[in-house]
Amino acid sequence: MVTIAVKLIGWLTRILTNFAIPPSGDALRRAFSILLRIYRSVTKPAASDSTRASTTTSLLQSPVYHASSIPASACTPQVNIQVVRSSEDGGGTISTSPTNAVGYVQHAQTDCDHHALQVVPTVPEDGSDATSTSSNPVDYVQHVQPDSDHHAPPSGAQARPTSQLLPPAGPQGSNNTMLNVPSLPIGPASTSHSSLQSAPGPRGRDKRILRPGAPREIMKKRYSQRIKVESHDTERTLNPGDMNYDEDEIHGWVRCTQPEGSSYFHNPTKRITTDIDFSKQKILEWVDRVTNGLLQSAGQLLTMHDEIELVIGLLDDGQGKKECLYYFVDHRRQLLFWVHAYNLSNIFANVKGVSKFSHMKYAVETQYWTHLELYPNRRKLKAEHHAELRGILIHASTETLTSNASIAPFELDELGRMLDLVDKAEGSIDKEQVHAVYIVARLMRLFTSSRFVNFYGQPEARLNVDQSVYTKLRGQDETASMFIRISDLLLFGGPSAHATELQRVWVDRTVNFPRWKGFVGKLSNEWAGFTIYSTVMLAVDVSFLAIPALSPRSTNTNPNPTTTPMQEASNIATYLSILTVVGSLVVSVQLLNGIRAQGTSSAEEAADAMLWWTKSILGTDALAIMYSLPFALLIWGMIFFVLALALVVFGLGDHATIGLIAPAAIIIGLLTVWPSWGHRGKYQAMHELWMQGLRSVKWPRVPRRTNSGHV
C-alpha cells in the first residue's frame, strides 16, 4: 500500500512538474523536484559504494557531449541520460561538483508505443538556475523519435557494419564509461531523426531541437524565410572625413556575401559556416557552445583535417517549432557526413528504388555542390572541378546534337552558353574568385542531380529520356485505361494521343525540361490554331442561319409564315454547331492562358504540376482528356454544321439536286475520314483483326487424295 501511494505521489509530481507549473514558478518546481527525488530513492534500489564511485568518476572524466541513439526495439522503463559540460576552449575542464558538471540531469521516459522520449528538466540540488551554473554551459539532451514507416531504410539496401559514437578515449587505464547510457549503433538501420538533441536557446529556456540536416533545407530557408525590413525613412550624418562603411566586426568571424546577395558568417579558425544572424551576443555564445560540442564529437569519429567544414543553421516553421540543423563537409572527398545517424532518403528527391551506396553517393554529392553554391566565399576554384564540368558540358552538347532522346537537362543552345561561361572561368583556377566558384558549383549541382535521377553508373541506368527504369510503373509500356478508351469514342482519339505524349514527358514521374518545353510549345501552337478555326466556324454558322432556305415560309392554306420540320432540324443542328465551336474557343483560350507560363518555368514547377495531376482521382488521364477538348469540340462543331447543311440539301432539294450531290458527298466523306483513319494505324489494326478472325474460324477439312488414288 505504501509503495502504491509513493508511486502515485511520483506520477503526480512528474505531471505537475511538466505541465501544471508555469516557467516562473521556480520555488514550486524545486519543491516538486525534491519529492521526485524522494520517489526515486524509495522505488530504486540503492547503488553500492563502488558502483556510485565508478559512475561519478566516469561522469567527471567525460569531456564532450555523448551522442547516442535509442532504437525502438530497446524500450526500457527508464533511461538516464547524462549531459556533460565542456569549457569554451574545448579542453573539457569540468567542475568537481557532480551537479555543476552535469548541469541538467535529464530523466527520459521511453514510450514503447510511440518510441519517443519525454524529457523532464530538473534543477541543481543547490536550487540555483541550471543555466547559470557555469560561465559557458553546453546543455544537451539526447532524445529519439524513430519513425519506422517514413524513415525506414530503402528496401534491398546493402548492409554495412555499424559504427558507434563512443565517448572520447581518456588516458590509458582511465574509466570513460558513460553513466547508464549504452553505446548504440549508427548505421543504415538508423534514421535521420533517430538521434536528436534538445539544446537550450539563447535565453536558456528556449529549447531548440539539434538534428542532422542537409544543404537543401538551408537553401529552402534562405529563399523562403527572408528577414524583412521596416519601410521608413532613415537618416545618417557622416562626420568630416568619415569613409568607414563596414559593419562592426565579430571576434573570430568573417562576414561573407554570396554572389546573389545573401550574407553569412565564416569562422576560419574553427572552419564553421552559418547563416545565423549574430546581432545578439547571446546567440553568438550559444552557437559557440553548440559547435564546440559537434566538433569534439566529430573528432572521436575521424581525423579532422583542414578541408572539413561544419555548417549550422536555425529553422523556424512559424508555429513555434524551432530546429537547429548541422552537417559536416569534406571538401577533399566532396561528401557530407554527420555525427548522428542520418536517413539519406531525405535527399533522394522522391526517386524510388535507390538501394546501392554507389548510387546514393550522387545524392550526397548533389548536396555537396548545393553547399558550395550557398557558401562559395573563401574557396578556390579547383582545376579538376573545372575540367570535369567542361567535359560534362561537351558530352551533353554532343549527345543533344546527335540524338532526339538525350537525357541532358538542357537544350543545345543553353549548353553552348554554359560551355562559354565555363571557358571564361578558366582564368580563375586556383584563385579565390567567388563568382567562378559559384558558377561551377551551381552547374555541377544540376548535372549531378540529373545523374542521380537517371541511375548513372548503375546497371539499370536510363540511357534515353523516354525510357523507364522501373519494373512496374504507369508509363508507355502500359496500355491505355478503360476511361481513355471510352473517351476516344466521343473525342475522336484525342485523349489516347495526348496520354501517349504525357507518358513521354512524365517518365518515372520525372520531367526532362527540354522535352517538357517542346511539349508545351507544341500544345500552345495547336491551341492557338484551334482558336482561329473556331472563329471561322462561328462566322460560318451565324451566316448559315441567314440563308433563305431556313427562313419561315407561308403557304396557301396557312398565310402565316411557318417553318417546316426539316428547317427546324437544320436550325437545331446549326445551334449545336455554334455551341460546340464556342466551347472549343473558350477552352482553347483557357488552356493557353494556363500553360503559357509553364514553358518558361523551372523543371521543379513542371514536376510539381504533373505530380498534382497524378495524385488526382483520374491521374494524368484527366489531363489528357482536357488537352483534347479543343480539337474534339471543334470537330463536333463541324459535324453539326455538315448535318445542318445535309438537311437543307437533301430535305429541301429536288430529285435532280439530290442525285448530283449524293455521290460527291459520299466520296468527299470517305476522303475526309481517310487521313484520320490511316494516321492512327487503323489499317494495321483492321488487318490484324481480320487475320485473327480468319484463324479462329474452324474450316471444314478437305480430304487429300494420294497418288494411288486412295483418300
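Where is Phe455 found? Phe455 sits in the loop between H10 and H11, where helices are DSSP runs of H or I with at least four residues, numbered from the N terminus. Keep in mind that this is a predicted model, in which local features need pLDDT of at least 70, side-chain atom pairs count only at pLDDT 80 or more, and totals for chains, interfaces and linings use all residues. Residues are numbered from 1 along each chain as its sequence is written, and side-chain values use heavy atoms, with hydrogens and water left out.

Phe455 has a phi near 55°, a positive value in a residue other than glycine. Most residues other than glycine have a negative phi. With a relative accessible area of 5%, Phe455 is buried (under 20%; exposed is over 50% and partly exposed in between, with a 1.4 Å probe and protein chains only). Asp430 also has a positive phi, near 65°, and lies in the loop between helix H9 (412-424) and helix H10 (434-453). Asp430, though, counts as exposed because its relative accessibility is 53%.

Now look inside. The largest nonpolar core has 73 residues, and Phe278, Phe328 and Phe447 have the most contacts inside it. Such a core is a set of buried Ala, Val, Leu, Ile, Met, Phe, Trp, Tyr and Cys residues joined through side-chain atoms within 4.5 Å. Helix H7 (residues 357-374) gives the most to this core, with nine residues. A second, separate core of 35 residues includes Trp516, Leu591, Ala624 and Val648.

Key
Helix = DSSP H or I, 4+ residues; strand = E, 2+ residues; numbered from the N terminus.
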